[in-house]
Amino acid sequence: MRKFLIAGNWKMNGGAEFASDLLSSIKEHKPAISEDVDVLVCPPFISLSMAIDQLHETDLLVGAQNMHQADEGAFTGEISAKMLVEAGCSYVILGHSERRAYFHETDQLIHEKTKNALAHDLAPVVCVGELLEERKSGDHFNVVKGQVQAAFDGLSSEEAVQIVVAYEPVWAIGTGETASPEQAQEMHAFIRSILKEHFGEIADAIRILYGGSMKPGNAGELLQQPDVDGGLIGGASLDAESFVSIITTAESLS
Ligand code: PEP
């Protein structure tokens with residue numbers, strides 16, 4: 001009942017030329033995407049409009065990597081959900097661990113952003129995940145539970161089902177180290193159980209992506225886990241062949 005979502009988080013990499021070349025290369029390697037898989041690219045803000053134009057009439061979706069929680073106002077340098085929707089974005093990544101760590105984003109702020117994105121029909125990809133110390137001390141379930149509960153706090157089932165959760169153990173992001181398929185499945189099932197407590201059966205329709213050094217060589221075993229509904233991919237999404245290979249793996253497992 002859940003469609004795989006393969007999402008590329010380009011982070012702060014590449015300018016307009018890089019973005020255009022990467023998108024052309026993805027389209028060249030993958031002219032058609034199976035209806036059973038959603039594919040999303042999240043370039044830097046400055047390349048969003050260009051990406052939306054370039055991907056017009058393709059099945060690729062475009063999303064942003066962040067947004068402000070207010071609709072408009074004196075917030076120099078910020079971008080709102082309303083602007084992203086106007087530009088043609090359908091998703092927005094929220095609460096990435098890099099935003100939590102370097103920009104001091106709190107659970108409360110991420111909740112406010114989630115609510116605002118939903119109010120504008122922009123689907124949030126809410127990132128959660130523990131630090132290495134937290135896993136080592138056995139606190140990882142508590143940490144992730146707190147992050148999930150904060151993001152979904154007070155939402156209706158209709159709102160909750162539009163959210164995508166990305167479980168990204170911080171120790172696996174950009175490190176080349178990946179959670180084992182068993183570790184990923186264990187945490188994904190735990191996240192789904194929290195969502196079930198709050199939203200009942202609707203939790204079975206909420207997609208939970210794995211993120212943290214997903215690449216062509218490990219995507220298959222991760223995506224085969226029953227509660228892994230796709231991937232949020234950083235490094236490997238910057239290489240068309242690698243990204244397309246992960247998409248193809250998801251298609252073969254659908
Ligand atoms: C990410 O930052 O969302 C991510 C998963 O990065 P990487 O794939 O490079 O670990």
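Guide: Before we start, a polar contact here is a pair of N or O atoms within 3.5 Å. Keep in mind that this is a predicted model.

Visitor: Which ligand atom does a backbone N or O atom of serine 213 lie 2.8 Å from?
Guide: The gap of 2.8 Å involves a backbone N or O atom of serine 213.

Visitor: How far is an oxygen atom of the ligand from the side chain of histidine 96?
Guide: Here the side chain does the work, through an N or O atom of histidine 96. Its distance to an oxygen atom of the ligand is 2.7 Å.

Visitor: How much of the ligand does the protein bury?
Guide: Glycine 235 also has a backbone N or O atom 2.8 Å from a ligand oxygen. On its own, the ligand would expose 290 Å². Of that area, the protein buries 96%.

Visitor: How many polar residues are in the shell around the ligand?
Guide: There are 14 residues around the ligand, with Lys11 and Glu168 among those that come nearest. By class, four are nonpolar and two are charged. The polar residues number eight.

Visitor: What radius of gyration does the protein chain have?
Guide: The chain has 254 residues, so a compact globule would come out near 18 Å. The protein chain agrees with that, at 17 Å.

How values were computed:
Residues are numbered from 1 along each chain as its sequence is written. This is a predicted model: local features need pLDDT of at least 70, side-chain atom pairs count only at pLDDT 80 or more; totals for chains, interfaces and linings use all residues. Side-chain values use heavy atoms; hydrogens and water are left out. A residue is near a molecule or strand if one of its heavy atoms lies within 4 Å of it. A polar contact is a pair of N or O atoms within 3.5 Å; within protein, one must be able to donate a hydrogen and the other to accept it, and residues adjacent in sequence count only if both atoms are side-chain atoms. Accessible areas come from the Shrake-Rupley method with a 1.4 Å probe; for residues, only the protein chains shown count as cover. Ala, Val, Leu, Ile, Met, Phe, Trp, Tyr, Cys and Pro count as nonpolar, Asp, Glu, Lys and Arg as charged, and the others, Gly among them, as polar. The radius of gyration is taken over C-alpha atoms; the globule rule is 2.2 Å times the number of residues to the power 0.38.
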